[in-house]
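Hi there,

Here is the model I promised to pass on to you. Have a look at it first, and then read my notes below.

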Amino acid sequence: MIDKNQKIIDKNLDQEYKYGFTTDIEQIKFEPGLDENVIRKLSNIKNEPKWLLNWRLKAYKNWKKMKEPTWANIHYGPIDYQALSYYAAPKIKSRKNLDEVDPEILDTYNKLGISLNEQKRLEGVAVDAIFDSVSITTTFKDELAKQGVIFCSFSEAVTEYPDLVKKYLGSVIPYTDNYFAALNSAVFSDGSFVYIPKNVKCPMELSTYFRMNASNTGQFERTLIIADEGSEVSYLEGCTAPMRDENQLHAACVELIAHEDATIKYSTIQNWYAGDKNGKGGIYNFVTKRGICAGDRSKISWTQVETGSAITWKYPSVILKGNDSIGEFYSVAVTKNKQQADTGTKMIHIGKNTKSTIISKGISAGEGQNTYRGGVKILKNAENARNFSQCDSILIGDKCGAHTFPYIDVKNQTAKMEHEASTSSIGEDQLFYCNQRGIKLDNAVSMIVNGFCKEVFEELPMEFAVEAKQLIEVTLENSVG
Amino acid sequence: MIKIKNLQVSIDEKDILKGIDLEIPKGEVHAIMGRNGSGKSTLANTIAGNEKYEVKNGSIHMNNIDITEMSVENRALSGIFVCFQYPVAIPGVSMAYFLRASINAHFEHQGKEEMDAVEFLNKSKKILSELNLDDSFLKRSINDGFSGGEKKKSEILQLLALNPKFAILDETDSGLDIDALKTVANGVNKFNSKDNSTLIITHYERLLQYINPDVVHVMVDGKIKKSGDMSLAKEVEKKGYSWLLK
């Protein structure tokens, strides 16, 4: 059976990445390299206020003093930060009117299954489309504005809502936080901005679609979501990139702020190009995501389905500051071929009666390496804090690996902690059982894996849950024999 | 229906079946009795095509087609079904999803359209009530946290839903209380018809009392030592197996 497995796994490795095409368009692109002048130029091109430029420069100075972290369970060659271009944007006259957007770009999004035409769009979902370093358009903005919801590109927010941006930017992830967050703070180009006013339940799903197109560039987006008292929002991001032989850097920052009684649900379907079967090319995905439950009874829930990227390094976290606040992390991470993922979460309990739940499902196939790294910290004043963690891994084939690193730090004796972990091979017994019922191998594998991921998929908004299931099926097709 | 000739099978180079000859015509129910380790479950797994079992010699024919080298799913799709002694759990996959997937795999093979959800539900609810199972059974993850009795009933549920040509019941009676045993036996009797065949593998005679097989075989050390009618099963129950070892 093993030989047959290997044969079919090998066949799988030759599978094409569906979103690997490039778009040929006129673009403005900085020469490779990074110094203060590049940051000034970037800030200038975006007409940014002085305070933001200064913030960027401080971040840059800080970054220069920092060292790239080496503690993660990932292995890659050195990244030459001077060889990257820090700004690439298609030439667009105006963002206001879709008619003026290059048809090539609209076509790109159509090919990706994302229609930027509001009439054709999935009902109930508004989209901010980010192409390399800039936002192309944001749909349903006017309709959202009727309820006072702000959903726009980050650059636009800087001009239109400077007070909000100034107040919250870096409030959850300071530029001193870590190496990649510092780099992002210095050079971030665009991203999405969301503000939900008091007591408003956002009437539709908000989503951002990130597309990296230009070669030799990094994408450094910054997303900021603020849910004011008693408000509610569900947000989803999707990501793809062309197949290129070089490794491209993606270092994003996402900050979430939930005030009293507010709820933010943030879902990610990450399908960046993962590199070829020999591990050539693919996205290096170094992302810092953190939310703060600032107010009492607030709630932040992260759900992620990570199937792409050569390297994934991300730990969406929640600071549970408000009393009775809730933090959740639901994750499915798939690694195949030579993909490496080191992902997990941090739950920091500060307030009383705070509660966190962590459900992590790792799937490794081919030579993929999958690491769960999670920290739960209960601070001194966090009376009656509760955490439940469950980390399960499944192995497909005998060349992959699963690793679990849970860190627990409890400073208050009233805390209740539960941790469960399991690792299993996709059972030949399970496959035999399915086969004996007439179910073919591929269907059996996707059935078993989908069953394994069920608790996480249930957290995704309906239409995206379907997408996630299909993505897993395509990713694992022919991975067992 | 099923014709097994001189079947010799080993696992990890250890010979388990040492030349089995067995023929089960259409419409008949046969039983194989034997001690632990005599090779009964090996026979079931080999007929199903489990690749852990290596066929060293001999052949298996079904309806005059040699299936000795056929893949597990093609055998299943040709109409072979095994009620497993220890069916594995598949967490997160509901009974309904699994059952419908297997029914539709068979339908697709037969060139039929998929069974629609309403028809599927009606059909499975009917079988569930016959097995004294609640409708909510369909929503549970297959074999995950099932009691011993539930696992056996789940296998019978699948047997009745798929209605195969040839069924093997591998110790379906083990670990059942008397009520569950009767329910399971009723299910098997419901399945048995002139158009299909059944092989019942068991240690004990008690299930056979309810099913009444046409032929009873006793297996000893990888061979069929003796065949007869129901009276042979009664004799074994009374005297044990030792008299057959000589």
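In which helix of chain B is Ser129(B) found? Ser129(B) belongs to helix α4 (residues 117–130) of chain B, where helices are DSSP runs of H or I with at least four residues, strands are runs of E with at least two, and both are numbered from the N terminus.

Before going further, please note that this is a predicted model: local features need pLDDT of at least 70, side-chain atom pairs count only at pLDDT 80 or more, and totals for chains, interfaces and linings use all residues. Residues are numbered from 1 along each chain as its sequence is written, while chains are lettered from A and ligands numbered from 1 in the order in which they are written.

Back to Ser129(B): it counts as exposed because it has 11 C-beta neighbours inside 10 Å (20 or more other C-beta atoms within 10 Å would be buried, 12 or fewer is exposed, and in between is partly exposed; C-beta atoms are placed from the backbone).

Within chain B, β3 (residues 29–34) and β9 (residues 215–220) run parallel and are joined by five bridges; Gly34(B) has Met219(B) as its bridge partner in β9(B).

In chain A, the axes of α2 (residues 36–45) and α3 (residues 50–65) come within 10 Å and cross at roughly 155 degrees (axes are lines fitted to C-alpha atoms, for helices over the stretch in contact, with angles from 0 to 180 degrees between N-to-C directions). That makes α2(A) roughly antiparallel to α3(A) (over 145 degrees; under 35 is roughly parallel, 65 to 115 roughly perpendicular and the rest oblique). Among the residues that meet there are Ile39(A) in α2(A) and Leu53(A) in α3(A).

Finally, the chains touch: 18 residues from chain A and 21 residues from chain B make the contact (C-beta atoms, placed from the backbone, within 7 Å). On the chain A side, α9 (428–436) and α10 (441–457) are the elements that give two or more residues.

Best wishes

Terms used:
Contact = placed C-beta atoms within 7 Å. Pairing = 2+ DSSP bridges.
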